[in-house]
Amino acid sequence: MATGTNKTTWRDIFSGTVPRSVSDPLLVFLGFLLVYSATFDRSYFYDSVLYAGIIRSPLGVQPLTVVFEWNHPLWYPVTRSFYLLLRALGFGGLSYEALQWFNAAAGGLGLAVFFSLLRRALPAWQALFWTLLTGLGAVYWGRATGAEPYLAGTLFIILFCAELYDHFLKGSAASFARLCLFAGLASGFHIANNLLWVAAAAALLYRRSAALKLIPVLAGTFLAFSLPYAAIHGFFTKGGLARWWLWGSGLVNGVSPEGNPLGQFETSLTGHLLLPLKNLAGSFVRYEAWPPAFSGLAAALAAAALLFAAFRLLRGGARDPGRELSALAAAFGLPFALFMALYSFWQPENTIYWSTNAALGAGLLAAALGRAGSGDAKLLRLAAFSLAALAGVNNFFALILPNYRGLRARPAVKFCEAIAYFTHPDSPVIISGGMMKVYLPYFANRERISLHLAAINAYADKKDPVVFLRGVLEEYRRRAVPIYMTDDVLREKGSYAAWHVSEAQIDSLLKPYLLMKVFRYDGEDGSASTLYLLWPRNAGPGGGEAILENLRRAGMARHAEAVKRFLAAGGKSAKVSAYALAD
């Protein structure tokens, strides 16, 4: 076969007449989409199941504060539309799976843009190496295979960096307008991404001569995104902003303002000075299962890489880096510094958001270290791709495979499936909190009444949660709908002191009911969970018969008969439990 500049390669065959500037990013997108879709998780993390349940509901039935929720205002309308589009195309999967496809596509697109941006200033092999290191990194890969609402924001942040790169090189009004647009879209997928407005404002200082023309673009775009959000969430009503801050700074995640007045903000940096560096290293390589010494080593390596990158950027290295690499370093470095600072103070131990930090950090290192590998050394290429491969293999076995198997979530999922079988379709289930807050509505398709959520909401509204819950239960009793309860309510009665809810208050809520044990589920992991039916003590013959009739109408005649036997035995028999397990 003849060789030379005109030989046909596999890329030529694959892409035909498509230029490499299009075909290469397309290959990156399709490759990662294939990897992510083949490794979709079954771990059912809290946020994943929460949003999978939400998008099953039409937008029109929800209040605007739910449609455009406080921390991911665009997530619900966008993913609901994506879910409906998939359904129209014949997709028969669950909403959880639809969100996984959404994240896999967002992750693949983000990496395609990331590769294209790096390729504008670096050789192709270097751009590919940093793309692989990011895309096979622990946090990015984990988010791309799950259903959490974060990776779309990372996509728009990378697009923001691409426009910021153009702004530093060319400074056109069009690129700055697109930059502002991507800042607004990124903030719509996570509230922390509003930091990009700070980066956009700082970018104006680079071209002061054009600042007066660009300030209206920045201000107009910011107001276009922020004013509707502020109006929806009550910023312009008395006490609205204060309540929003109380809720968003930590109350939404169960952090008591009395126990931690700053919510989820941590100001004691001396206690976790190395934690952000450990998190950054862990975003690329999952090392928690390694010997403890590796934790400090990972932080040291991350610090060394960042210090070396900063040294090369400041000193210029062996030769002038050129405007392209300098602009690339600034485009990634400016938002990277802002996000690293934020996540060092806000939830510093939570790395679920760090797909953004990983992508920005990789881009910054690529620009800073690019000159060191600008030659054609085959050994350097081999070492680089071996490193990416080893990191990917480690992350697969340490994180992706366990998430794919989903063993930790299985007992709770099976318990919910059993609840769906042994309860009336219209019945609520009283729970304490935890994962059941999202598992019950999604896997059992049952209304849940969470003591935890009631306590938090009542705290924010300065009301008594038990009074509210008593009214809710009374309404179900009035309609003769059976009410159920899981045993975590009994186990965790003393865990609500931070919300000014005592055990005596919870006992008073349950006092009007006789607890009937329906079934006990023994999980594969040794855990045990029990479901109770709450029977009104003062129901009387008429009220009790109405509840039994509701059970019969739902095809649960055998359950109704078991309840009658339980009552006939004076409320001391375990026949209901034996019946349920034998059914």
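At 53% relative accessibility, His500 counts as exposed. The model under discussion is predicted. His500 belongs to the loop that runs between helix 23 (488-491) and helix 24 (503-510). Its backbone has a positive phi, near 65°, although the residue is not glycine. Most residues other than glycine have a negative phi.

Tyr44 also has a positive phi, with a value near 50°. This residue occupies the loop between helix 2 (20-38) and helix 3 (46-54). Tyr44 counts as buried because its relative accessibility of 19% falls under the 20% cut-off. The two residues are set out below.

| Residue | Phi | Relative accessibility |
|---|---|---|
| Tyr44 | near 50° | 19%, buried |
| His500 | near 65° | 53%, exposed |

Turning to the aromatic side chains, the structure contains 34 aromatic pairs. One of them joins Trp75 and Phe189 in an edge-to-face arrangement, with 6.3 Å from centre to centre and 85° between the planes. Trp75 is part of helix 5 (residues 75-88), whereas Phe189 is in the loop between helix 10 (173-187) and helix 11 (195-204), so the contact ties together parts 114 residues apart in sequence. Trp75 is buried at 0% relative accessibility, and Phe189 is likewise buried, with a relative accessible area of 3%. Both residues are members of a cluster linked by ring pairs, which comprises Tyr51, Trp75, Phe82, Phe102, Phe156, Phe182 and Phe189.

A further contact involves a charge and a ring: the charged end of Arg42 sits over the ring of Tyr404, at 4.3 Å from its centre.

Key:
Residues numbered from 1 in each chain as written. Predicted model: local features only at pLDDT ≥ 70, side-chain atom pairs only at ≥ 80, totals over all residues. Heavy atoms only, no water. Phe/Tyr/Trp six-rings, centres within 6.5 Å; stacked < 30°, edge-to-face > 60°. Helix = DSSP H or I, 4+ residues; strand = E, 2+ residues; numbered from the N terminus. Buried < 20%, exposed > 50% of the residue type's maximum accessible area, 1.4 Å probe, protein only. Lys NZ or Arg CZ within 6 Å of the ring centre and 35° of its normal.
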